[in-house]
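The following exercises ask the reader to work through selected features of one structure. Each task is followed by a solution in steps.

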Amino acid sequence: MKNVLVIGSTGQIGSELTMKLRGIYGNANVVAGYIKGAEPKGELLESGPAEEVDITNAQQIADAVRKHKVDTIYNLAALLSAVAEAKPLLAWKIGIGGLMNTLEVARELKCAVFTPSSIGSFGPNAPKDGTPQDTIQQPRTMYGVTKVSGELLSNYYALKFGVDTRSVRFPGLISYVTPPGGGTTDYAVDIYYSAVKGEKFICPIKQGTFMDMMYMPDALRAAIEIMEANPERLIHRNSFNIASMSFDPEIIYNKIKEYVPGFEMVYDVDPLRQGIADSWPNRLDDTCARMEWDWKPEYDLDAMTRDMLDKLRIKFGKS
Ligand code: VAH
């Protein structure tokens, strides 16, 4: 049975992944790593161990790994795309300085490491539709630079030191649990909140801008299945394209209106996030993930919309 440390356990992915991992491996076997000011609360705090682990502090990572006999690290510490453009040095310090700390601890203490990459690891000169697993990666954002560099560093540690590093390139992730912070795809989360609250949605991304998106339950399953995969089948490691749906604001708006008649949306394009979105693919080709570790999404836009609206209505007492 695994002993897991989740670095960034109170973030958009971490808060849900930690609970799902505890359900699989046992509450006591999954440590919630957090930083000062973002301490775990409620069920995340009460259901299992927690340690202060700032990814820029290698000693804190090593201490938590030794204390809890960790053999698998989920490294979810990162600044999302729009925030990273505002704080590029911090994004690099966390994304790459932090990853280097994690990989060094993993090398020394024999841990496997999962570090997510992103559709943001591609730039405008990668094929937009059916973006291949192996193609040009020249992102124009610091977020993308940290993701591509993270892929290369993780592959280096696997090749040079035999560290079991694995990764998936996440699409924009949509969840009703922990609101995202500062991403380019986050409009696809915010639109559901507006619909349930009965508010007009002001969309910062222009019509016709397609991006890969994924419902969080599928993303969590991918993060777990890749780490459970038979390593002998893996031709790739860092990082696998995974995909489930691709849409633009008009498509998701019309889908929500099927369930929320009268829901209104207007466009007020944010040049920063639009520029980032324009540089990203429309739709990834995830054949390699399907071939090498049987990846398959379970939610499409309709199923996600029904579940998001149901769960948010409960969250806001409108069910
Ligand atoms: C962002 N939601 O928009 C994140 C994610 C692929 C998008 O990395 O920055």
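Two strands are said to pair if DSSP finds at least two bridges between them. The model examined here is predicted.

**Exercise 1.** Determine which strands pair with strand β4 and in which sense.

*Solution.* Begin with strand β1, residues 4-7: four bridges link β1 to β4, and the pairing is parallel. Within this pair, Ile7 stands opposite Asn75 of β4. Turn next to strand β5, residues 112-114, which runs parallel to β4 and is joined to it by three bridges. Here Tyr74 is placed opposite Phe114 of β5.

**Exercise 2.** Locate Lys110 and Asp294, and state how accessible each is.

*Solution.* Lys110 lies in the loop between α5 (88-109) and β5. Its phi is positive, about 60°, although Lys110 is not a glycine. With a relative accessible area of 68%, Lys110 is exposed. Asp294 belongs to the loop between α11 (287-293) and α12 (301-315). Asp294, also not a glycine, has a positive phi of about 60°. Its relative accessibility is 48%, so Asp294 counts as partly exposed.

Conventions: Residues numbered from 1 in each chain as written. Predicted model: local features only at pLDDT ≥ 70, side-chain atom pairs only at ≥ 80, totals over all residues. Heavy atoms only, no water. Helix = DSSP H or I, 4+ residues; strand = E, 2+ residues; numbered from the N terminus. Buried < 20%, exposed > 50% of the residue type's maximum accessible area, 1.4 Å probe, protein only.
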